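User: I'm new to this one and would like to learn how to read it. Could you walk me through it feature by feature?

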Amino acid sequence: MRFLLSVLFVCGLCVSVWADTTVSRFVFFEKTQYPLEVYVLEGKEAGPTILVQGGIQGDELSGFMTAELLASAQVKKGRIILVPRANVPSIHLRRRQVNVDMNRRFDRRYGQFYEDIVALAVRRLLQKCNGFIHLHEGSGFYSPVYVNQSKNPKRYGQSVIIDAEKYQNLQLGEMCRRVLKRFNPSVQPQAYAFSLFNTRTIENNSQYLEQRKSLSYYALTQLKIPAVAIEVSKAIGDLNWKVRQQLGLTLAFLQEMGVEAQCEIGDKLQKWSLVPDLQVNGKKVKESCSLQLGTELIVELGEKRGGACYAVFASDRPGYDLLKDSRYLLQPFRSLDIYADGKKIHSCSVSWQKAKTENGKKGDIAYKLNGKTLFAAPGKVVKVQSGDRLVLEGVVGGKKNEVLNVKGYVANPPGVYNGGQDMGVEIVLSRDMFLPRYVKKNGDNWAFGVERETSGIQVRPVTFEVQELHSPVFVLSGEQERILLYTPRQGEIEIPVGEYRFGGGWAGKAGEVHCFFNGRLLKKDEKISFSENKKNVLQLVDKNTFFVFSDIVFIPIGLFL
Ligand SMILES: [Zn+2]
């Protein structure tokens with residue numbers, strides 16, 4: 001407690017300085033089911049940049065709650081890049097993983113599941129950081145010697161995990177012992193004080209070699225920056241207590257790494273999952289609502305009143321967040337349910353009216369492409385583009401238990417039998433996500449079939465032909481608002497030195513691409529300048545799949561005449 005009190009006391013004296021934190025927020029994969037929200041908190045005094053991340057495993061509540069609270073921190077010195085919830089779909093289901101354990105996807109570049117796409121983005125965020133703090137919640141209590149079932153070397157709770165005592169010139173163990181020596185005296189009861197847990201992942205005889213696939217190990221060995229994981233215990237019931245401890249220890253580690261920050265919790269934890277207003281097709285509803293088949297369903301929530309991450313699921317599609325996309329109604333379901341961090345907090349029962357006019361023809365497959373409802377008759381060929389978001393809604397005039405199978409795509413985690421059902425899940429079109437033997441190649445483009453596998457039905461499949469995108473464009477405006485539009489087929493562009501305004505980047509009809517300029521994400525209308533003798537690299541990256549289209553090298557040219 002001594003340590004925390006002194007921090008608060010010092011901060012109380014310099015409120016005006018602390019209040020100068022610059023906060024910016026952006027979201028990767030914004031329209032998908034796996035949004036990645038990122039905050040950058042920057043103090044007035046220059047200092048190191050530290051990445052703090054929570055929520056990589058959805059059943060570890062303290063981790064993402066602590067990280068979410070940290071978004072309101074005041075930073076005096078240095079910079080925090082904050083990812084409160086790395087794995088939103090797993091939080092919505094309150095499960096460790098949906099397809100694969102995201103924290104075992106950092107040893108190489110994977111591309112099969114959404115977890116892999118998110119991992120690519122997180123890895124990129126880490127590139128320019130000087131340290132990494134990962135927030136977790138582990139089982140039982142770690143102890144270097146066996147004490148009992150819940151307290152032994154196989155448990156993770158109430159520990160700080162490192163992969164090596166030291167690595168090159170990084171003295172990780174020493175750093176952690178310093179922090180724990182300062183922090184631990186404040187932990188009450190003392191039985192819950194944090195232990196240092198060196199998994200010795202770096203050594204070939206380590207018992208924890210699978211942690212070589214973790215983000216901490218990547219940070220330490222590839223980027224050569226200090227990385228720690230702070231684990232509170234799932235065996236401690238008082239969530240409020242755990243979050244406060246984890247936050248305090250995170251601030252202590254930030255300070256050790258050179259970032260001065262403070263964070264007031266206030267009554268935020270008490271108000272964490274207050275029920276927001278539910279709006280269905282623009283109207284506020286409470287316990288019940290009425291929906292009509294053959295129409296669009298648009299679900300929104302009123303003002304977010306707590307720190308929780310909210311979602312609304314239809315009872316027949318658990319895990320599919322309707323706040324991210326509208327739904328075309330073909331079959332009735334029981335209720336619309338509001339979830340806060342994976343816990344159901346409100347249910348609205350639904351009564352049904354028949355369709356007035358049918359859209360599409362009987363037997364058509366209804367699907368959503370980038371949020372728009374479309375219909376395709378059996379045998380039809382539909383042209384789409386890589387990175388598009390596809391959701392199969394159902395069959396017009398169909399039976400009760402229709403099965404639509406996207407050939408080559410597995411919507412369920414490995415080992416879970418799904419009977420081929422791919423209806424009601426978001427499929428981001430990326431060839432890496434499809435089993436090669438089901439994909440028909442045609443030059444650079446590829447195609448897959450959607451088969452109606454409902455028993456007793458035999459119709460031709462609908463074929464989706466996916467066009468691979470090669471030539472995204474971006475816009476730069478020069479001094480006289482002269483617009484320079486580039487289609488970067490070539491790897492190098494000569495550009496006159498000077499200042500430019502970035503107007504955005506696009507690929508295909510689905511929309512924007514991310515543009516990274518020398519590794520930094522560009523915002524629309526941001527100014528960038530090219531000076532002589534400086535190499536600049538612009539990277540265009542697909543917004544949904546994080547596929548890198550091209551590296552464009554700018555060669556600034558001065559006036560030679
Ligand atoms: Zn964990």
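Predicted model: local features only at pLDDT ≥ 70, side-chain atom pairs only at ≥ 80, totals over all residues.

User: Are Gln57 and Glu60 buried or exposed?

Analyst: The cut-off for buried is under 20% relative accessible area. Gln57 has 2%, so it is buried. Glu60 counts as buried because its relative accessibility is 4%.

User: And His136, where does that sit among the strands?

Analyst: First the general idea: strands of a sheet pair through backbone hydrogen bonds, either parallel or antiparallel. In this model, β5 (residues 131-138) runs parallel to β10, with 7 bridges joining them. His136 has Glu231 as its bridge partner in β10. β10 also pairs with β8 (residues 159-162), this time in the antiparallel sense over 3 bridges. There, Ile161 is the bridge partner of Ala229.

User: How many residues of β10 are buried?

Analyst: 7 of the 7 residues in β10 (residues 227-233) are buried, so the strand is largely enclosed by the rest of the structure. In a regular strand the side chains alternate between the two faces of the sheet. For β10, both faces are covered: Ala227, Ala229, Glu231 and Ser233 are buried on one side, and Val228, Ile230 and Val232 are buried on the other.

User: What is the strand order in the open sheet of 4 strands?

Analyst: The order is β14-β20-β19-β17, with mixed pairing. β14 (288-292) and β17 (310-314) are the edge strands, each with a single partner, so one side of each has no neighbour in the sheet. On average, neighbouring strands are turned by 30° against each other, direction ignored.

User: Now the cores. Which residues touch the most other members of the largest nonpolar core?

Analyst: A nonpolar core is a set of buried residues linked through their side chains. The largest here has 74 residues, and Ile133, Val228, Phe253 and Leu336 touch the most other members. Helix α8 (residues 239-256) gives the most to this core, with 8 residues. There is also a second, separate core of 60 residues, which includes Phe28, Phe132, Val395 and Leu404.

User: What does Leu336 touch?

Analyst: Setting aside residues up to four places away in sequence, its contacts include Val280, Leu297, Phe313, Leu322 and Val350.

User: Can we finish with single residues? Where is Asp116, and is it buried or exposed?

Analyst: Asp116 lies in helix α5 (residues 114-126). Asp116 is buried, because its relative accessibility is 1%. Beyond residues up to four places away in sequence, Asp116 touches Val100, Arg105, Tyr110 and Gly111.

User: Which helix holds Tyr217?

Analyst: Tyr217 is in helix α7 (residues 215-221). Its relative accessible area is 11%, so Tyr217 is buried. Leaving out neighbours within four places in sequence, Tyr217 has contacts that include Asp163, Thr201 and Arg212.

How values were computed
Residues numbered from 1 in each chain as written. Heavy atoms only, no water. Core = buried A, V, L, I, M, F, W, Y, C linked by side-chain atoms within 4.5 Å. Buried < 20%, exposed > 50% of the residue type's maximum accessible area, 1.4 Å probe, protein only. Helix = DSSP H or I, 4+ residues; strand = E, 2+ residues; numbered from the N terminus. Contact = heavy atoms within 4.5 Å. Pairing = 2+ DSSP bridges. Axes fitted to C-alpha atoms, helices over the stretch in contact; angles between N-to-C directions.
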